[in-house]
Amino acid sequence: MITNIYVLICAIIFIYIQFMQHDDKWHCALKLGGFYPPYIKEFHQYWRFITSHFIHAEFFHFLMNAYALYQIGHFLEACLGTLPYLYLILISMILSSMLSYSAAELSSRYYDTLTIGASGVVFGFFGAIIVLGYVVGGPFMSVLENFTMVIVINLVYTFIDSRIS
């Protein structure tokens with residue numbers, strides 16, 4: 001249920017950005033709560049650590065994140081239960097945003113970068129599957145074996161594409 005709600009919220013925001021608002025889509029993403037380090041540092045808008053994970057401005061980005069959230073999210077939600085799964089999502093949002101913020105503090109390349117999307121949550125899911133696969137084994141190890149290439153491709157793509165923070 002949490003997975004469906006999360007994907008639905010992302011879809012509604014994506015549709016709004018694409019078809020209902022009249023600003024530039026990146027400006028709209030910023031207004032809706034995209035992760036933008038200058039606003040966090042200067043105006044203390046810490047809510048962007050969470051809100052940015054619901055916003056997508058490009059179709060392919062939305063499609064890939066929604067697919068990963070739906071596939072992996074349903075599995076983890078069923079295995080972990082609602083409350084631990086919700087904690088996993090929130091912790092993934094906060095930690096991935098903290099990582100982006102730290103990168104912005106270290107490099108001007110990331111300081112003026114608008115960061116949006118559920119990729120941080122997807123990487124949190126990957127991390128949970130890796131840990132559970134090695135610690136618990138069983139179905140988690142099977143999922144880890146099935147998703148190893150997807151995890152590697154996502155990591156390589158993240159480090160190669162300069163538009164990704």
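Contact here means heavy atoms within 4.5 Å. Among contacts in the protein between residues at least 6 apart in sequence, 72% join residues at least 24 apart. The model is predicted: local features need pLDDT of at least 70, side-chain atom pairs count only at pLDDT 80 or more, and totals for chains, interfaces and linings use all residues. Residues are numbered from 1 along each chain as its sequence is written, and side-chain values use heavy atoms, with hydrogens and water left out.

The secondary structure comes to nine helices and zero strands, taken as DSSP runs numbered from the N terminus (helices H or I, at least four residues; strands E, at least two). For 165 residues, a compact globule would have a radius of gyration near 15 Å, and the 16 Å of the protein agrees with this; the radius is taken over C-alpha atoms, and the globule rule is 2.2 Å times the number of residues to the power 0.38. The C-alpha trace spans about 45 × 35 × 30 Å along its principal axes.

Of the 165 residues, 42% are buried, that is, under 20% relative accessible area with a 1.4 Å probe, protein chains only. A nonpolar core is a set of buried Ala, Val, Leu, Ile, Met, Phe, Trp, Tyr and Cys residues joined through side-chain atoms within 4.5 Å. The largest has 29 residues, and Y6, L69, L76, I89, V121 and F125 have the most contacts inside it. Helices 1 (2-20), 5 (59-80), 6 (82-106), 8 (119-135) and 9 (139-160) each give two or more residues to this core. Helix 8 supplies the largest share, seven residues. Beyond its neighbours within four places in sequence, V121 is in contact with Y6, H53, L69, I89, S92 and M93. A second, separate core of six residues includes I17, A29, A57 and I116.

Definitions and conventions: Buried means under 20% relative accessible area, exposed over 50%, partly exposed in between (1.4 Å probe, protein chains only).
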